[in-house]
Amino acid sequence: MSSPKTKKEVKYVFVTGGVASSLGKGILAASLGKILESRGLSVTLQKIDPYINIDSGTLNPYEHGECFVTEDGAETDLDLGHYERFLGKPTSRGSNFTAGRIYHNLIAQERRGDFLGKTIQVIPHVTNEIKKLIYQLGNQENCDIVITEIGGCVGDIESLPFLEAVRQIRLELGNTSTAFAHLTLVPYLKAVGELKTKPTQQSVKELLSLGIQPDVLVCRCTQELPKEIRQKIALHCNLSLDRVVEAKDTHIIYEVPLALRKEKLDEQILNQLQVSKPKKPDLKLWENFLNRLKNPRENIRIAIVGKYVQLKDAYRSIYESLVHAGAHTKSSVQILWISAEEINTANVEEKLHKAAGILVAPGFGERGLEGKMNAVQYAREQKIPFLGICLGMQCAVVEFARHALKLPQADSTEISPQTPDPVIDIMASQKELENRGGTMRLGAYPCKLQKKTKAFEAYQTSQISERHRHRYEFNTRYAKKFQEAGMKSTGLSPDGRLVEIVEIEDHPWFIGCQFHPEYKSTVEKPHPLFICFVQAAIRQEEIKSITYQQN
């Protein structure tokens with residue numbers, strides 16, 4: 001397969017990793033993208049995952065973290081969230097694909113007879129399909145540079161077809177249109193007081209055995225890399241000294257672009273790609289964000305109540321959205337991670353009394369549901385700022401029905417199909433579906449806001465668009481009863497059939513949203529709901545402080 005004709009010459013950067021997983025290839029790719037973008041280049045990012053699942057939609061959050069949803073409704077790897085937060089522009093379905101999708105596409109073509117009886121093989125058929133999807137993104141975006149992160153570690157069996165495909169891309173496009181950035185680990189052995197280069201050497205050796213010479217080595221480490229260590233790595237890995245880049249641990253992931261810029265990673269990549277006369281990097285907005293983040297005026301505690309709190313990546317976008325809103329309001333947001341399964345009516349006060357704001361997280365299934373509703377009831381009755389997202393909103397609706405509307409058996413039909421009061425019910429479009437993967441209401445949908453509401457106050461517009469990932473919805477047959485009791489539907493789909501936002505009037509700040517606002521929050525444009533939620537928590541913290549002083 002030869003490279004396709006493009007609207008303009010597109011350069012490709014491939015980010016690989018070795019030694020160990022979770023070194024931060026996603027943050028590296030996002031940071032490099034941010035620096036290159038700050039130099040006036042148009043950058044698009046892409047993640048390739050080697051697992052056989054077709055997408056991230058059916059994966060357990062404990063194994064892979066959150067499932068990130070794009071504007072066009074793709075269920076993707078959480079690294080796409082980093083891409084969007086760093087670059088401030090949306091990704092798409094083409095920004096993430098898996099081995100499962102590759103094989104699914106090929107098998108479908110084979111069944112249709114597209115290969116005319118040929119034997120389907122890894123080379124050239126699998127590698128051609130991989131290359132097609134990489135090239136396709138560059139064509140669709142019409143960008144200067146595509147940065148493709150290859151999941152897993154060099155040496156994994158699953159990654160071999162992807163590495164072979166990108167090796168072929170270098171042959172097709174040439175050295176000056178491709179760059180390979182390889183992330184490795186240089187561990188510090190405390191017992192002997194030394195940094196060890198052998199893992200990096202072995203990782204590069206593995207990559208070389210596959211026909212790929214990295215152009216830049218990014219060395220993850222806890223200590224500074226002395227010149228002699230860099231020289232040793234450069235010598236053994238067939239690189240010039242300036243192409244060995246230090247990636248020392250940072251306290252905040254948003255410091256990484258500035259650290260890599262200081263190491264001149266962008267210059268090495270641009271030299272490899274022979275990009276002529278890019279402008280000097282302008283990261284002033286990024287630096288201002290970091291300054292606000294590191295120098296807060298306020299300190300607040302917000303509880304995140306969910307069933308996956310043992311793995312923080314399960315709620316990565318929510319966490320980062322609170323960080324963005326905290327920086328915007330010049331406040332330090334301390335997260336209290338509360339397991340929904342550990343909350344009951346007897347201990348809810350003990351678990352949540354320190355929080356100036358309570359966020360009930362999204363999820364699926366019955367586990368931890370009663371704990372979430374106990375948290376909702378506590379926030380509602382104690383007048384603590386509350387934000388419920390997706391299932392969190394549905395919990396707020398069920399709790400309100402049981403205790404404010406006096407419907408003790410009210411429930412969601414997801415949990416109790418025979419409930420006499422199905423205040424949350426499956427969407428009509430979902431009733432006949434049998435497959436679980438990729439069949440929910442996914443992606444961006446419009447919403448109309450009522451004026452003189454907290455939602456309108458946050459957005460400052462009556463027309464919004466937000467991303468969804470759900471099967472169940474507020475049962476509008478109960479909308480009038482809820483409104484009479486004090487919970488209003490303040491955001492609706494344009495046809496009025498789907499309740500997108502609920503609010504409680506007699507409460508300082510209580511909002512439940514069926515969509516996922518966390519997917520759209522970025523460093524330079526924090527989400528308005530999170531900003532207003534944090535501002536409400538700041539006011540709550542001030543009230544608590546005054547009350548404490550008086551007592």
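Contact here means heavy atoms within 4.5 Å. These close-ups come from a predicted model, where local features need pLDDT of at least 70, side-chain atom pairs count only at pLDDT 80 or more, and totals for chains, interfaces and linings use all residues. Residues are numbered from 1 along each chain as its sequence is written, and side-chain values use heavy atoms, with hydrogens and water left out.

**View 1. Helix α5 and its packing partners.** Helices (H or I, at least four residues) and strands (E, at least two) are DSSP runs, numbered from the N terminus. Helix α5 covers residues 122-141 and reaches 28 Å from its first C-alpha to its last, close to the 28 Å expected at 1.5 Å a residue (1.5 Å times one less than its number of residues). Its buried residues (under 20% relative accessible area, 1.4 Å probe, protein chains only) include H125, V126, I130 and L137. The buried residues of α5 pack against β1 (11-17), β2 (43-49), β5 (96-98), α4 (99-112), β6 (145-150) and α6 (160-173). Just after α5, look for N142, with a positive phi of about 50°.

**View 2. Helix α14, largely enclosed by the rest of the structure.** Of the 13 residues of α14, 11 are buried, so the helix is largely enclosed. Among them are L369, M373, Y378 and R380. The end C-alpha atoms of α14 (residues 369-381) are 18 Å apart, which agrees with the 18 Å that 13 residues should span at 1.5 Å a residue.

Note on methods: Buried means under 20% relative accessible area, exposed over 50%, partly exposed in between (1.4 Å probe, protein chains only).
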